[in-house]
Amino acid sequence: MVIQRSLSEAQTRRRGDLLVDLLVGSSGAGSLTARASLLGADLAQPHAVLVLDGADHQLRQRVVDLATNHNGLSADVGERLVLVLPEEQPLEVGRRLVRTGGTGTVPVGRAVPTVGVAGPVTGVDGVRTAYEEAARCLDALLALGRRGDVADAAALGFVGLLMGRHDPDEHVQARLGPLLDYDRQRGTVLLQTLETWLAEDRHLSRTGERLHVHPNTVTQRLDRIGRLLGDGWQSPENILELGLALRLRGVLPESAPEH
């Protein structure tokens, strides 16, 4: 039994080391594919990629067992648990883990994990890309206060669409960069004014009331916003894009407003 346990632990370590190298290392795709094959993992087959936050010891062991018994890979990457499993329904795998902890029974008195998922994908590059997308989905769930939930990019709506296919920071900077830079350099609140104005359906008086300023002050700030963003900034298309960028900024931890 001791020998068997030692072999199992060594196998788990090898799978974990391989996954870490696959996700954040610099090894070539060929050598990683060969190492995976030696461990029974065929990366040419479709794989689901899951990134978990809040997994307790019992769930971590269940994830390790899933990876071992189904020719997958699992590892702690930073403070999160990553599972790469030969499955074509990533959301369903995540929902099982959230719903039952992967044990088949509803967990009682235990924290429920939050799970970002992506895939199915194949190959080393596919797994790496899916890992980044799943991690961004997890970030969005946590920022939105949806702990204990599971989602992929599609389930997150427009936020997931942007986070899954574009760099979210670049999108925010492209739309709101002039206002962010102006506020940062001068200590103004143009971004807050724009966000409040849109939230109040572009009503000057209600915006002023929420910001505790006179409506004329709101008008002056909007004029400044217009000069910074350029002609046509109030067109329906641009207003929509600004609103989406503001919403996206709100779910990016690194982009959260400073206080």
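**Figure 1. Thr-122 in the loop between S4 and H5.** Thr-122 is found in the loop that runs between strand S4 and helix H5, and in this predicted model the residue is partly exposed, with a relative accessible area of 43%. When neighbours within four places in sequence are left aside, Thr-122 is in contact with Leu-43, Ala-44, Gln-45, Pro-46 and Val-127. The view also takes in Ala-48, whose C-alpha atom is separated from that of Thr-122 by 9.1 Å, although the two residues stand 74 residues apart along the chain.

**Figure 2. The cis peptide bond between Gly-119 and Pro-120.** The peptide bond that joins Gly-119 and Pro-120 is cis, with an omega of about 5 degrees, and Pro-120 itself lies in strand S4. Most peptide bonds are trans.

Figure 3. The largest nonpolar core has 25 residues, of which Leu-23 and Val-82 touch the most other members. Two or more residues are given to this core by each of helix H1 (2-24), helix H2 (29-38), strand S1 (47-53), strand S2 (73-77), strand S3 (80-85), strand S4 (114-121) and helix H5 (123-143). Helix H5 supplies the largest share, 7 residues. Leu-23 is in contact with Val-77, Val-82, Val-127, Arg-128 and Tyr-131, its neighbours within four places in sequence being left aside. In soluble globular proteins, nonpolar side chains tend to be buried together.

**Figure 4. The packing of helix H7 against helix H8.** Two packed helices are described by the angle between their axes and the distance between the axes. Helix H7 (residues 168-186) and helix H8 (residues 190-199) pack with their axes 8 Å apart and at an angle of about 130 degrees, and H7 and H8 are therefore oblique to each other. On the H7 side the contact is formed by Leu-176, Leu-179, Leu-180, Tyr-182 and Asp-183, which meet Leu-190, Leu-191 and Leu-194 in H8. Sorted by class, the contact of H7 with H8 has 7 nonpolar residues, no polar residues and 1 charged residue.

Figure 5. Gln-173 in helix H7. Gln-173 has its place in helix H7 and counts as partly exposed, at 40% relative accessibility. Not counting residues up to four places away in sequence, Gln-173 touches Pro-178, Leu-180 and Asp-181. The aromatic pair of Trp-197 and Trp-233. A pair of aromatic rings is described by the distance of the centres and the angle of the planes. The count of such pairs here comes to 1: the rings of Trp-197 and Trp-233 have centres 5.6 Å apart and planes at 40 degrees, so the pair is tilted. Trp-197 lies in helix H8, while Trp-233 lies in the loop between helix H10 (215-229) and helix H11 (236-250), so the pair ties together parts that are 36 residues apart in sequence. Trp-197 is buried, with a relative accessible area of 4%, and Trp-233 also counts as buried, at 9% relative accessibility.

Figure 6. Most residues other than glycine have a negative phi. Asp-201, a residue other than glycine, has a positive phi near 55 degrees; Asp-201 lies in the loop between H8 and helix H9 (204-211) and is exposed, with a relative accessible area of 60%. His-212, likewise a residue other than glycine, has a positive phi near 60 degrees. The position of His-212 is in the loop between H9 and H10, where His-212 counts as exposed at 73% relative accessibility.

**Figure 7. The protein chain as the setting of the close-up views.** The protein chain holds 11 helices and 5 strands. Of its 259 residues, 42% count as buried. Among the contacts in the protein chain with a separation of 6 or more, 64% are accounted for by residues 24 or more positions apart.

Note on methods:
Residues are numbered from 1 along each chain as its sequence is written. This is a predicted model: local features need pLDDT of at least 70, side-chain atom pairs count only at pLDDT 80 or more; totals for chains, interfaces and linings use all residues. Side-chain values use heavy atoms; hydrogens and water are left out. Axes are lines fitted to C-alpha atoms, for helices over the stretch in contact, and angles run from 0 to 180 degrees between N-to-C directions. Helices (H or I, at least four residues) and strands (E, at least two) are DSSP runs, numbered from the N terminus. Angles under 35 degrees count as roughly parallel, over 145 as roughly antiparallel, 65 to 115 as roughly perpendicular and the rest as oblique. Contact means heavy atoms within 4.5 Å. Ala, Val, Leu, Ile, Met, Phe, Trp, Tyr, Cys and Pro count as nonpolar, Asp, Glu, Lys and Arg as charged, and the others, Gly among them, as polar. Rings of Phe, Tyr and Trp (its six-membered ring) pair if their centres lie within 6.5 Å; planes under 30 degrees apart count as stacked, over 60 as edge-to-face and the rest as tilted. Buried means under 20% relative accessible area, exposed over 50%, partly exposed in between (1.4 Å probe, protein chains only). A nonpolar core is a set of buried Ala, Val, Leu, Ile, Met, Phe, Trp, Tyr and Cys residues joined through side-chain atoms within 4.5 Å.
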